[in-house]
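Please consult the sequence and the structure while reading.

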Amino acid sequence: MKTKAFLLTALLFVAFGSKSFAQDECATLGSLFTAPAKAKNYQAALPHYQPLVDKCPTWSVAVYQYGTMMFEDFIEKGDKSKITDLENTVRLRMQHFPSKTKEGREMANIAQVKYEAGIGTKMEQYKAFEAAFKKDEATFTSPKSLYTYFSLAVDLQEEGKMDVQDVFNLYDTIIDKLEKEETQLAKSLIQLTDKEEAGTALSSKEKKNLSRYETNLGAYGKVKGSVNGKLGNLANCENLIPLYEKLFEEKKNDVNWLKSAAGKLNSKDCETPMFFKMVQQLHTLDPSAKSAFYLGRLAEKDGDASKAMDYYNQAAELETNPKDRAKVYYSIAENMRRKGSLSSARNYYNKAVAESPTFGNAYLRIAKMYASSANNCGATAFEKRAIYWKAANMADKAARVDGSIASVARQTASSYRGLAPGKTEIFSSGMAGKTITFNCWVGGSVKVPNL
């Protein structure tokens, strides 16, 4: 019995001792690699990378994070042979740390690195982005990579290697993706700005988040503008009209094609009888929010505002897509504004941003209406001009949520503040820090800046 007990104790010692030794070895190898990698001394880190992943592949996800950065650095500096190492690093991370790996992001990152290093043909580069997007669209969020993906498609179409309709389809997909990302960010941003405007101080973490949301929204807005710029002449009326006229008879019973084509003509305000034919056909085949909205646009162009409003209201009731419902509300708001029904117009502009929080133009319209009402709000000249502060605040909000118009919105806000009372007037009036309430349609109040 003593012999058996001794053997069991010895076996347990060897087992646990071996495990402890392995852990110590992994910690040592890990430190040899991560210490120089953290300092971006990749030449010193490289010799320790392969022994670490060979012996301790599950030691830490940080190994693959630093490995990715290391191989990207080598590639960026001209060593294209490291692309295979980069791909293997991502593959190992997916294998050993699937729950901590965003496949779409990692695949898109490799595709971007290859593109920037000039590795592969344009079609191969395009296919790499396409595979990443189809594999995991949710985490394919890089503004730069979304633009590159679309840009390659346009280049391939110009070389005769991609059908123009496929480019249009991808355009719709990319714009929809960008707007989804913008919407999520804008919702978070608006919560913080509303809190701030209500007089509640933001925590340091909230301030950092607010800055991050604004930066990322700006990036998405710029990329959206770049995507539209890249599409350029390919989707102007001079090209769209003959293309759709040529395809109409063949495609006139294809509801999806009609929706896409009518959407393109509508977004470009193309003046053509073809648009009317498409809309009527679409409304016949599939009466929907889209077809009702387009009929409203046609009625408005014909000068029949009442009929247009009927169609817009139908569209608003039928529409299930928040982004498209926002466009309907915006059109209704424009209709109301042109009639001079400013309060009703504001309600619908606000409905538009409630559906699509990045709809900066709606905020700009409200700002413009506020500014145009300066002479009708307030009992004194000072109070009348105070409305410009409220208009400027609304323009600021447009800049914060919509990067594509941020520059124009900031210029607008600055212009309105220039029309508001200056420091001398604030001092002489004794109004510094006081609140002015507006009893006209604008309502609400504004706080006079402190000197």
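**Basis of the values**

The structure is a predicted model, in which local features need pLDDT of at least 70 and side-chain atom pairs count only at pLDDT 80 or more, while totals for chains, interfaces and linings use all residues. Residues are numbered from 1 along each chain as its sequence is written, and side-chain values use heavy atoms, with hydrogens and water left out.

**Disulfides**

A disulfide is taken as a pair of cysteine sulfur atoms within 2.5 Å. By this criterion, a search of the whole structure finds 3 disulfides. When the bonded cysteines of the chain are numbered in sequence order, they pair as 1-2, 3-4, 5-6. The table lists each pair with its sulfur separation.

| Disulfide | S to S distance |
|---|---|
| Cys26 to Cys56 | 2.0 Å |
| Cys237 to Cys270 | 2.2 Å |
| Cys377 to Cys440 | 1.9 Å |

The link of Cys26 and Cys56 is left-handed, with -90 degrees about the S-S bond. This pair connects distant parts of the chain, 30 residues apart: Cys26 is in helix 1 (residues 2-38), and Cys56 is in the loop between helix 2 (42-55) and helix 3 (61-76). Helices (H or I, at least four residues) and strands (E, at least two) are DSSP runs, numbered from the N terminus. Cys26 is buried, at 15% relative accessible area, and Cys56 is buried at 5% relative accessibility.

The disulfide of Cys237 and Cys270 is left-handed because the torsion about its S-S bond is about -95 degrees. Cys237 lies in helix 10 (residues 237-251) and Cys270 in the loop between helix 11 (255-267) and helix 12 (273-285), so the bond ties together parts that are 33 residues apart in sequence. Both Cys237 and Cys270 are buried.

For Cys377 and Cys440, the torsion about the S-S bond is about 100 degrees, and the disulfide is therefore right-handed. Cys377 is found in the loop between helix 17 (360-372) and helix 18 (381-401), and Cys440 in the loop between strand 1 (435-437) and strand 2 (445-447), so this pair ties together parts that are 63 residues apart in sequence. Cys377 is buried, with a relative accessible area of 1%, whereas Cys440 counts as partly exposed at 22% relative accessibility.

**Glu106**

Glu106 belongs to helix 5 (residues 103-116). This glutamate counts as buried because its relative accessibility is 6%. Not counting residues up to four places away in sequence, Glu106 touches Val90, Arg93, Met94 and Thr101, where contact means heavy atoms within 4.5 Å.

**The second largest pocket**

The second largest pocket holds about 570 Å³ of space. Its lining has 21 residues, and the closest to its centre are Glu197, Trp389, Asn393, Met394 and Arg417. On a 1 Å grid over the protein atoms alone, a pocket is an open set of points where a 1.4 Å probe fits, with protein on both sides within 12 Å along at least five of seven lines, and lining residues have an atom within 4 Å of a point. Grid points are joined across faces, edges and corners, and the volume is the space filled by probe spheres set on the points.

Helix 18 supplies the largest share of this lining, 9 residues.

Definitions and conventions. Buried means under 20% relative accessible area, exposed over 50%, partly exposed in between (1.4 Å probe, protein chains only).
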